[in-house]
Amino acid sequence: MQNAGELGETRKQRVNRELTELIGELRVALPGVQMLFAFLLTVPFYGRFEVLTSLSRYVFFSTFTFTTIAAVFMIAPSSNHRISFRAEDKERLLLRANSFAIVGIAFLALAICGVMFFIAGMVLGQAWAPYSAGATAVLIGLTWYLAPLVRKLGPRSEA
């Protein structure tokens, strides 16, 4: 892993690059959050919503809440950037935005698992719902969290 000096970057260039990378990553994730949010907004207006079990309604509302929180945290870096524009504190903004993004992605993971539980319960029956949500949680855990942590904490290669 190269540091900024090895890449020939100044500290300011590194911060600008990292902020650009973060914004690019959020541009990929945020439309998914928005689409999930829009889907969840429509669900209560379908006829079958009235016949849901109390567990399904709880899961639905929890999922809607997780999606809302994910959207808030993933939009926060843009809002923070606009409010602190030209405050000469971009590195602090970057660290805060990174934290917001991590929290937002964690709530997005919870929301995706909740949607899997909710949809599997409606389509396959309630018995399948925990297995579907659990399998989704394992997949997210492996790909979103474990893989990057293993790489980050593992031995560094010279190349």
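This is a predicted model: local features need pLDDT of at least 70, side-chain atom pairs count only at pLDDT 80 or more; totals for chains, interfaces and linings use all residues.
1. Secondary structure. The protein contains four helices and zero strands. Read from the N terminus, the order of the elements is therefore written α-α-α-α, and the radius of gyration of the protein is 19 Å, well over the 15 Å that the globule rule gives for 159 residues, so the protein is more spread out than a compact globule. A box of roughly 60 × 40 × 15 Å, taken along the principal axes, holds the C-alpha atoms.

2. Of the 159 residues in the protein, 30% are buried. Among contacts with a separation of 6 or more, 71% are made by residues 24 or more positions apart. The accessible surface of the protein amounts to about 10700 Å², and carbon and sulfur atoms account for 67% of this surface.

3. A residue in helix H4. Which residues does Thr 136 touch, leaving aside those up to four places away in sequence? They are Ile 112, Cys 113 and Met 116. Thr 136 itself lies in helix H4, which covers residues 129–153. Its relative accessibility is 13%, and because buried means under 20%, Thr 136 counts as buried.

4. A stacked aromatic pair. A pair of aromatic rings is described by the distance of the centres and the angle of the planes. In the protein, the count of such pairs comes to six. One of them joins Phe 60 and Phe 64, whose rings are 6.4 Å apart centre to centre, with 15° between the planes; this pair is stacked. Both residues belong to helix H2 (residues 54–83), and because they are four residues apart there, about one helical turn separates Phe 60 from Phe 64. Is Phe 60 buried or exposed? With a relative accessible area of 7%, Phe 60 is buried.

5. An edge-to-face pair. The ring centres of Trp 128 and Tyr 131 lie 6.3 Å apart and the planes meet at 65°, so this pair is edge-to-face. The cut-off behind that label is an angle over 60 degrees. Trp 128 has a relative accessible area of 52% and is exposed. Tyr 131 likewise counts as exposed, at 61% relative accessibility.

Methods. Residues are numbered from 1 along each chain as its sequence is written. Side-chain values use heavy atoms; hydrogens and water are left out. Helices (H or I, at least four residues) and strands (E, at least two) are DSSP runs, numbered from the N terminus. The radius of gyration is taken over C-alpha atoms; the globule rule is 2.2 Å times the number of residues to the power 0.38. Buried means under 20% relative accessible area, exposed over 50%, partly exposed in between (1.4 Å probe, protein chains only). Contact means heavy atoms within 4.5 Å. Accessible areas come from the Shrake-Rupley method with a 1.4 Å probe; for residues, only the protein chains shown count as cover. Rings of Phe, Tyr and Trp (its six-membered ring) pair if their centres lie within 6.5 Å; planes under 30 degrees apart count as stacked, over 60 as edge-to-face and the rest as tilted.
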